[in-house]
2 protein chains.
Amino acid sequence: MANSPSGESVTERIVRVLETFDTDRTVQTAAEIGRRARLPSSTAHRVIADLVECGLLERDEDQRVCLGMRLWELALRGSRALHLRQAALPFMERVQAHIREHTQLAVLENDETLFIERLSHPNAGANITRIAGRLPLHASSSGLVLLAHGPEELGERVLAGPLEAVSSETVTDSARLRRVLAGIRRDGVVVAPGSVEGVSTGVAVPVRERRGQVIAALSVVLPREAPTRPAIEELRAAASGITTALAAQRP
Amino acid sequence: MANSPSGESVTERIVRVLETFDTDRTVQTAAEIGRRARLPSSTAHRVIADLVECGLLERDEDQRVCLGMRLWELALRGSRALHLRQAALPFMERVQAHIREHTQLAVLENDETLFIERLSHPNAGANITRIAGRLPLHASSSGLVLLAHGPEELGERVLAGPLEAVSSETVTDSARLRRVLAGIRRDGVVVAPGSVEGVSTGVAVPVRERRGQVIAALSVVLPREAPTRPAIEELRAAASGITTALAAQRP
């Protein structure tokens, strides 16, 4: 529909424009957006003008462009991420009140770990993840849980590699990764010291919907030397609570 | 760009499709979307197919359509709402730990109150608001704060009416509303019993960025008969903390 000579749809060009925004780049000029989206200047200006017209982008007093609240509203209002996150938040707060580090909720999205919620204590240790940020599945404790319970063909595709080393301790050997995944399915938890950052240990458990399917991973990021048992107990209780809350939310 | 015979851009049609999703309607058939978006069936199917292709919509096993995680990710990753909400959340949690009802963060969006975060105690009283939900500015305590500190022409436009009664106690008299707004600017807080729901009292304070501009309203929703002073003190401390956190976030 309404394809450009390159065969690209208007929708694809819109996505390319939206993709140029991220945590470190919330305000850009139209020229910067065009360059980062690799769109001809006139095309970029037209797409941006259309998006501003619809409220999906906004201009500030200097004519610089940022994401519109309207986009945020449309994306969240009807999203399953919001449902899941709303069900999970009270339980995440309970984990956070006891463990006081980072508590995170992640889902499988396009073969990666997408973090949809994170609570952090002001004095908590290092943590590389961000809300709406991604990490490779085999790297973080959350990703390992999602991979262990994901579709079989996804597991085989990831195991076939290449397995990028996010830190020097990321599991990049496919035979070892296979054993780790089997261990997660057996134990219902993973403890992954140093797999993302040398100074931290990730601990993650699966979150299931009422029929038992794993729909998310709940995790904490602890300082490397911290005991993991209290976190495992908190996470298991919280995951079970989320399952119950989800069942109540959608009869 | 790529306008239809009706003069509507592709972007507008995309927005109309996305608008059909909300909290109570997270999964729809293509036919339902087309009907609700008032688009011809063939147009609706093309727009949906394009959006699915880009990951902004997803299809389930029954070919029903829901918002894609990719949309959620694009909307949040670079959004100022996420920045504000991340700065505010630890302070909202502190309010919530003490007041144990509903704690909310709202911004002005397109002449309405848009709620971007809400924490609720499991045993808290009634509350009509939702995350990514809206209320008229003059109805809720949050909206009154945003209106009191909003652009002057916005205030005059709202005061010119009509002023919808969300509850039987919503202020719908423009002279009285003008006095309420002046009181908010003078006192830095509003207590609005019954203005949204008869059983509740909203209490809201302004949240300022470091230069003093009001960028959000922080509020609690209390049972009608609850004392308001502890909430006012908590909200003021939290709003001040958010201002400091925002200043630290963006040097």
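Let's start with Glu73(A), which pairs with Arg70(A) in a salt bridge whose closest N and O atoms are 3.0 Å apart. By salt bridge I mean a side-chain nitrogen of Lys or Arg within 4 Å of a carboxyl oxygen of Asp or Glu. Side chains of opposite charge can pair when their charged atoms come close. Glu73(A) and Arg70(A) sit three residues apart in helix H4 (residues 69–77) of chain A, so about one helical turn separates them. Helices here are DSSP runs of H or I with at least four residues, strands are runs of E with at least two, and both are numbered from the N terminus. Glu73(A) and Arg70(A) are both buried; buried means under 20% relative accessible area, exposed means over 50%, and partly exposed is in between, with a 1.4 Å probe and protein chains only.

A quick word on what you are looking at. This is a predicted model, where local features need pLDDT of at least 70 and side-chain atom pairs count only at pLDDT 80 or more, while totals for chains, interfaces and linings use all residues. Residues are numbered from 1 along each chain as its sequence is written, chains are lettered from A and ligands numbered from 1 in the order in which they are written, and side-chain values use heavy atoms, leaving out hydrogens and water.

Back to the charges. Over all chains, the count comes to 28 salt bridges. One of them joins Asp111(A) to Arg157(A), with the closest N and O atoms 2.6 Å apart. Asp111(A) lies in the loop between strand E4 (102–109) and strand E5 (112–120) of chain A, and Arg157(A) is in helix H7 (residues 152–159) of chain A, so this pair ties together parts that are 46 residues apart in sequence. Asp111(A) is partly exposed, at 36% relative accessibility, and Arg157(A) is partly exposed too, at 44%.

Another salt bridge links Arg186(A) and Asp187(A), at 2.9 Å between the closest N and O atoms. Arg186(A) is exposed at 65% relative accessibility, while Asp187(A) is partly exposed at 38%. There is also a network: salt bridges with shared partners join Glu19(A), Glu109(A), Glu112(A), Arg134(A), Arg70(B) and Glu73(B).

That brings us to where the two chains meet. How many residues does each chain bring to the contact? Chain B brings 54 and chain A brings 53, with contact meaning heavy atoms within 4.5 Å. Together the chains bury about 5,500 Å², 65% of it on carbon and sulfur atoms; buried area is the accessible area (1.4 Å probe) that two parts lose on being put together, summed over both. Six salt bridges cross this interface. Glu19(A) and Arg70(B) meet in a salt bridge at 2.4 Å, N to O. On the side of chain B that touches chain A, H4(B) gives the most, with nine residues.

Now the cysteines. Cys66(A) is buried, at 7% relative accessibility. The whole structure has zero disulfides, a disulfide being a pair of cysteine sulfur atoms within 2.5 Å.

Last, the record. An unreviewed UniProt entry annotates residues 8–69 of chain A as "domain: HTH iclR-type". In the model, that span is 50% helix and 13% strand, and its end C-alpha atoms lie 27 Å apart.

How values were computed: UniProt positions are given in the numbering used here, feature names are shortened, and annotations may be inferred rather than shown by experiment.
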